[in-house]
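This report describes selected features of the structure shown below.

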Amino acid sequence: MAGATTMTGFARYPITFGILALLASLSMASPVVAQEEGEESEESEDAAPVVTPPRLVEFIEADYPAEAAAEELTATVELAITIATDGTVTNVVVVTSAGHGFDEAAVAAAERFRFEPARRDGEAMASRIRYRYVFELRDITPDDPLPDDIPPDEVDPRDLPMGRLSGVILTAEDAEPVGSAEVIIESADGRVRRRVVAGPDGTFRFDDLPAGTYSVRILADEFGEQLDEEEVGAGEATEVTYHVTGIAGTGTEFSATAEIEAPAREVVRRTITRDELVSVAGTRGDALRTVELLPGVGRPPFASGQLIVRGSAPGDSQVFLDSAPVPLLYHFGGLTSFYNSRLLDQIDFYPGNFSARYGRAMGGILEVSTRDPATDRFHGVADVNLLDASILVEAPLGDNVSFAVAARRSYMDVWFESVIPKDAFDVVSAPVYYDYQATVAWRPSDEDRIRFNVYGSSDQLSLIFSQPPSDPNIRGDFNLETQFHRGFIGWERKLSPNVDQEIQFAAGPTNLAANLGSDLGFDAQFIQMNGRAEWRGRLSDTVRIIGGLDMDIVPFEIAYRGPTVGQSEGGSPGDRCGALSCEENIAITSDGSVFRPAAYVETDLRPIDPVQVIMGLRLDYYDEINRWTFDPRVVTVVTVNETQRVKAGIGVFSQPPAFQESLPETGNPNLLPQHALHTDVGWEWDLSRGIRVGAEGFFKYLWDRPVATFGGAGARFTNDGIGRIYGLELSGRVQPIGRRWFGFLSYTLSRSERLDGPDQEWRLFDFDQTHILSVAGVYRFGRGWEAGATFRLISGNPMTPINEGVYDAITGIANPVPGATNSERSAFFHRLDLRIEKKWDISEWFKFAIYLDIQNVYNSTNSEGTIYDYRYRTNTNIPGLPFLPSLGIRAEI
């Protein structure tokens, strides 16, 4: 029968990171679940249109290939089926081949299927689904003769009372029926196999079943494949309710263009799905802000927006949007990211031992994936709160094309003056930011997907240092302007059932301008171009391979005036005083371009059933220093049982020096690339469905770190620095299927140290944070009410004390005498954030919500730095983010 930041990005451009760090230091002073049918289900979420998937109304049984039947072969052929608005099948493509004639038989049968078409708000629409055509040999049924191989003394199953298995399939999220699901059962002894297609109300039924244990397999389009097991008693009726969970990222568009998934390729990968992205307290509904809650992510200083991963420098990590690098993650202050959250699909964070697909980074990787615009009808969302306002519209442009446009602008001047120390600054212009996105998705065929994306971001800020506390040269205006714009095109094509291709290119300008009075300033302009071509193939069931090329090309122009550029972290040896007033200023201009090509290959091997081995190699070239790097990496995953996995990895990761360190005018063009050795061991345990805990231990050794020479003499920078980072991460994620709540728990214990030369002593890294604890939870009460809370407790950053001030008769000011680098530490940071939201479904086409997001509920006075008086005798802590409520409204059509 057939059946992984503001500073992070800019550190990759010439001298910018060092200058920003200098400005900051000067201005701030240093699957299926059976359950009881009566269980209450979660109320429907916001803004979901009434959608019904296509339902199979006429199934055509395929001819069983004669050769396969003779050899008693069984198979499953995965198909991509395009269904027209009248329910007829217009195209069938084999996604997963079974050979032996099964493919041809499945296609021939599927082409004659007839469906009730998919509908959105009652209107028929074209759709694509993924369908698994199962070929199995004929079962034993009461009407069939018993096979000859049943021994004479064995009981004839037809002589026993028969049982029945029936039930209903519902969505886990809102208990809606899942129609047209294929349900396949098989007895424990393999003698009984049955298949039915669930009705439009999600119900199914198997009659006349011999008593025993049956495996239940559900194949439900966008819900994928899910498994369970049931007992059927003799003469009894067993009734069950299954709640199925959708495949991440499929939404309700029924799009099923087949792709070969890339291997896991890392020891630790933490994913935040779309539903979780916008509900966490303290994020103001901003998806990218949730990254701060993940294990291994440090707390950046207020207003910096940096990404600090496992004790690495901000410039050691990279942020990607759809595999293209971006220079900026957050707007000013880190309060808001640069991309509209409703256009995101998911966020993948790799804190270490990441794939060979990623290079030029020794820290971590943040990969942000965007979704295709809606293909059913017009949608619009407007959001207005106390900080900014945004709008999003999306709609189809035909059967295979859709678009989305979004924009946002801030109006922060109402509250900004209240958080700036009035004795140090006069506000000339409060921070003003804007961002925009425009994307078009086109699917010309079942094998192709083409995406165009244009996006950009801009920030501006102006201050006056009216009463400088310690350095008289820090007077006058402080202006900062950052902006970048990008154009992106990506093409994905299925070359064959076993080979996928992806080609993309992104390009656009990045501008950064800043000045501090008349003695310090820079203006930097870059044109960043990035290209990537990647091929993924399945050689067999146990071997997959990925290979690709990527490159960065960055023309640049820079103008700079200020003191000699020093070490960007930990201070420079031999500094005269650390104050701008006693530094010798320089003025430089520079232009040129940087070319960084790379090639990588990675294999996913499964030599024996529970073991997976991922091996990768990456080759990079850095033309600014004329050096190559070759980085081998390997990860092993052992599946202990259905609920536990053990993972281990080791690899080499390299990156070039920061541009200010290798630029001839400010650094040493003969520097070597810097390297890190990552070692990780991890364990994951699924305690039950929706509840996962994990532990990861890590150690990183850094070498060839660029460090400044004494007093900036000679080559200015050498590769004499090393470092070590080690720690333990504990994580818990609770999201019970069918429940109204979910939560995260993460704790990191770590130490990050640096040695700046053979004659130096080990010291703490500038952002070493021994303890990082984050707890977040969201509860959906029903009737549109939702509330959440987030709490963070983090060790304060190391700091270098000022022992005294020494009067300089030449300059007429007191110069600071610093103590040992990073020998003291700020007090613990702690903060509680709350969020509450109420949603109304006014009609089928209009929805409305009001929300309140409060950061720092109890107004904790967390220290973000220290300001000294002009004699360095007294000091005052700079407070961080105060109590900050954000009341907003959101309308959706």
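The model is predicted: local features need pLDDT of at least 70 and side-chain atom pairs count only at pLDDT 80 or more, while totals for chains, interfaces and linings use all residues. Residues are numbered from 1 along each chain as its sequence is written, and side-chain values use heavy atoms, with hydrogens and water left out.

Rings of Phe, Tyr and Trp (its six-membered ring) pair if their centres lie within 6.5 Å; planes under 30 degrees apart count as stacked, over 60 as edge-to-face and the rest as tilted. In one of them, the rings of phenylalanine 204 and tyrosine 242 are stacked, because their centres are 6.2 Å apart and their planes stand at 10°. Phenylalanine 204 belongs to strand E13 (residues 203-209) and tyrosine 242 to strand E16 (residues 237-244), so that distant parts of the chain, 38 residues apart, are linked. Strands (E, at least two residues) and helices (H or I, at least four) are DSSP runs, numbered from the N terminus. Phenylalanine 204 and tyrosine 242 are both buried.

Tyrosine 339 and tyrosine 455 form an edge-to-face pair, with 5.9 Å from centre to centre and 75° between the planes. Tyrosine 339 is in the loop between strand E19 (324-325) and strand E20 (344-350), and tyrosine 455 is in strand E26 (residues 448-465), so the pair ties together parts 116 residues apart in sequence.

## Ring cluster and charges over rings

Ring pairs join Phe320, Tyr350, Phe354, Tyr358 and Phe653 into a cluster.

A charge sits over a ring if NZ of Lys or CZ of Arg is within 6 Å of the ring centre and within 35 degrees of the ring normal. Arginine 299 lies over the face of phenylalanine 829, 4.2 Å from the ring centre. The charged end of arginine 724 is placed over the ring of tryptophan 762, at 3.9 Å from its centre.

## An antiparallel sheet

An open sheet is formed by 3 strands in the order E5-E4-E9, with antiparallel pairing; two strands pair if DSSP finds at least two bridges between them. Strand E5 (89-96) and strand E9 (127-135) are the edge strands, each pairing on one side only.

Strand E4 (residues 75-83) pairs with E5 over 6 bridges. Alanine 80 stands opposite valine 93 in E5.

Terms used
Buried means under 20% relative accessible area, exposed over 50%, partly exposed in between (1.4 Å probe, protein chains only).
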